[in-house]
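Please look over the structure shown below. The report that follows takes its helices, its cavity and a few single residues in turn.

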Amino acid sequence: MILTLAAVVAYSSYIIWQIKGLRQLQSDLADRNRKDSLQLLRVQNDLNSLALAMRDMLDADEPYPLSAWSTQFQRVRADLDDALHREEQVALVERSPEQREFLRSALSQFWDAADRTFTLAQNGKQDEARSEIRVSLQAREAALSTAVARLLVQNNEYEEQVAARTAEIYDRVQRQVYVFLGATLIAIVLTSLYLMRSNRRLFAQLAALSAQRRDLAQKLIATQESTLRYVSRELHDEFGQILTAVGSMLGRAEKHTPEGSPLRTELHEVREIAQNTLNTVRSLSQALHPVMLDEAGLESTLAWYLPTVERQTGIAISYEKSGEAFPLSSAAAVHVYRIVQEALNNVTRHSGSKQAWVRLRFLAEYADIEIEDHGTGFAAVNVRQGIGLVAMRERAQLANGSIEFLQPASGGTLVRLRVPREAPEAHA
C-alpha cells in the first residue's frame, strides 16, 4: 500500500508538474503572442496614421505647406522602427527570409519616397509632391498595410495551431481554457459596452459644451455689436450735437468781438479745437459702428472704409466689384464688415505686405467677399492663434455663411467669405 500510495503520489506529482509546465508554456506563448500582436497592431496604427496624414496632405484643407508634415512623418518613422524591432524579439512565428526582406525593402522604399516628397515640397514644388504622394507613397503604404495584416493573420493562425495541439494533449485543460476564454470574452464584451456607453456620454457632454461655447461666443459678439452701436450713436448724437452747439456759440461770440481783439483770436482758436474734436468724435463713431451700414448698405460702407484704411496704414488696397448687387440684411452686413475689418487688421499687423486686394462678387445665390495679401501667411507666423480668427468664423455662421482661410499659389493669405443672398436676420 505504501508503494502504491508512493506511486500514486509520484504519478500525481508528475502529472501536476507536467500540467504546471504546460500551463506555464501556454502562459508564456500567450504572453509572447499578445506582445507580438500588440506590436503588429502598433505598426498597423502607425501606417493608418500615415495614410490619414497623406489624405489630409492631398485634401489641402488647411493653409499649411506639405513640408509641415515632415515632423509627424519622422515621429511615426521612429515609432515604426521601434515597433518592428520589438516585434522581431517576441515573434513566435518564424518569418521567412523573403518576408523579412520584403518588409525591410518596402519600408526603405516608402521612406525614400517620403524623403523625395518632402524635398519637392521644401523646394516649393507642391503639385509634384502631391503627385508623388498619390503615385508612390499611398501605394507603398497600402502594400505595407497588407503585409502587416498578413502577419497578424499568421499570428492568429499560429495561436489556433497551438490551441489545437494543446487540445490533443488533454481534454480537461481544453475545457478549462474554453471556460477562461469564455469569461475573458464576456469581460471584453461587458467592458466594451461600458466603454461605448461612457464614450457616448462623453461625446454628448463635449457636444453640449461645444454648443454652449458657440452660444456664448455668439452672445459675446451680439453684446459687443450692441455696445459699439450704442456708444457710436451716443458719440454721434450727444457729443456731436454738444460740440456742434459749442462751435456755433463760439462762432457767434467771435462775430460779436471787435476786430483785432486778442479775445477774438482766442475764440477762433477754441472754435477750431471744438471743430477738430467734433471731427475726431465723428471718425471714432464711424469706426465703432458705421452709420453708413444702416443708411447706405455694405457697398457704400466698403467704398468709404477702404480708402480710410489706405490713409491710416499706407497699404495699397485694390477694390473690385462684380455682378448684379443685391442688399444684405443689416445684421449680416455688420458681420461682413467686421470680417473685412479684422482681415485687413491682420494684413497690417502680421503679413508685412504693402498691398492687399478686396473683391466683392455678387453671384446668383451668394455674395462672395475675398481679402487677399501676398505677405508671410499663416504658416510662417509663429504666434498663437488669437480670438480674431475664431470671431471671424463665428460671425460667418451668424450671417448664415461660410468662411475659408486659404493660401494663394503666390503665397500669403486669402480669406474667402460666402454669404447667401437671402440671409436670415442674424443676431446683431
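Helix α9 (residues 330-351) has 22 residues, which should span 32 Å at 1.5 Å a residue; its end C-alpha atoms are 30 Å apart, which agrees. The expected span of a helix is 1.5 Å times one less than its number of residues. Helices (H or I, at least four residues) and strands (E, at least two) are DSSP runs, numbered from the N terminus. This is a predicted model: local features need pLDDT of at least 70, side-chain atom pairs count only at pLDDT 80 or more, and totals for chains, interfaces and linings use all residues. Residues are numbered from 1 along each chain as its sequence is written, and side-chain values use heavy atoms, with hydrogens and water left out.

**Helix α9 and what follows**

α9 is mostly covered, with 16 of its 22 residues buried. Buried means under 20% relative accessible area, exposed over 50%, and partly exposed in between (1.4 Å probe, protein chains only). Just after α9 comes Gly352, with a positive phi of about 75 degrees. Gly352 sits in the loop between α9 and β2 (355-362). Is Gly352 buried or exposed? Gly352 is exposed, at a relative accessible area of 65%.

Helix α8 (residues 298-313) has 16 residues. From first C-alpha to last, α8 reaches 22 Å, close to the 22 Å expected at 1.5 Å a residue. Which residues of α8 are buried? They are Leu298, Thr301, Leu302, Tyr305, Leu306, Thr308 and Val309. Gly314 follows α8, and its phi is positive, near 80 degrees.

Helix α2 has 21 residues, which should span 30 Å at 1.5 Å a residue. The end C-alpha atoms of α2 are 31 Å apart, which agrees. Its buried residues are Ser70, Phe73, Val76, Leu80, Ala83, Leu84, Glu87 and Val90.

**The cavity**

How many cavities of 30 Å³ or more does a search of the whole structure find? The search finds one. The largest cavity has a volume of about 30 Å³. On a 1 Å grid over the protein atoms alone, a cavity is a set of points where a 1.4 Å probe fits but cannot get out; lining residues have an atom within 4 Å of a point. Grid points are joined across faces, edges and corners, and a volume is the space filled by probe spheres set on the points.

The largest cavity is lined by Val43, Leu47, Leu80, Leu84, Leu103, Leu107, Leu144 and Val148. By class, the lining has eight nonpolar, no polar and no charged residues. Ala, Val, Leu, Ile, Met, Phe, Trp, Tyr, Cys and Pro count as nonpolar, Asp, Glu, Lys and Arg as charged, and the others, Gly among them, as polar.

**Partly exposed residues**

The table lists relative accessible areas.

| Residue | Relative accessible area |
|---|---|
| Gln126 | 22%, partly exposed |
| Asn400 | 43%, partly exposed |
| His85 | 45%, partly exposed |
| Asn45 | 47%, partly exposed |

Gln126 belongs to helix α4. Not counting residues up to four places away in sequence, Gln126 touches Pro65, Leu66 and Ala121; contact means heavy atoms within 4.5 Å. The C-alpha atoms of Gln126 and Leu66 are separated by 7.0 Å, though these residues are 60 residues apart along the chain.

His85 lies in helix α2. C-alpha to C-alpha, His85 is 9.2 Å from Gln39, at 46 residues apart in sequence. Asn45 is in helix α1. Asn45 and Ser145 are 100 residues apart in sequence but 9.4 Å apart in space, C-alpha to C-alpha.

Asn400 is not a glycine, yet its phi is positive, about 60 degrees. Asn400 is in the loop between α11 (387-398) and β4 (402-406).

**The chain as a whole**

The protein chain holds eleven helices and five strands. Of its 428 residues, 36% count as buried. Among contacts with a separation of 6 or more, 73% come from residues 24 or more positions apart. The accessible surface is about 26000 Å², and 56% of that belongs to carbon and sulfur atoms. Accessible areas come from the Shrake-Rupley method with a 1.4 Å probe; for residues, only the protein chains shown count as cover.

How values were computed: 1 Å grid on protein atoms, 1.4 Å probe; cavity = no way out; pocket = protein on both sides within 12 Å on 5 of 7 lines; lining within 4 Å.
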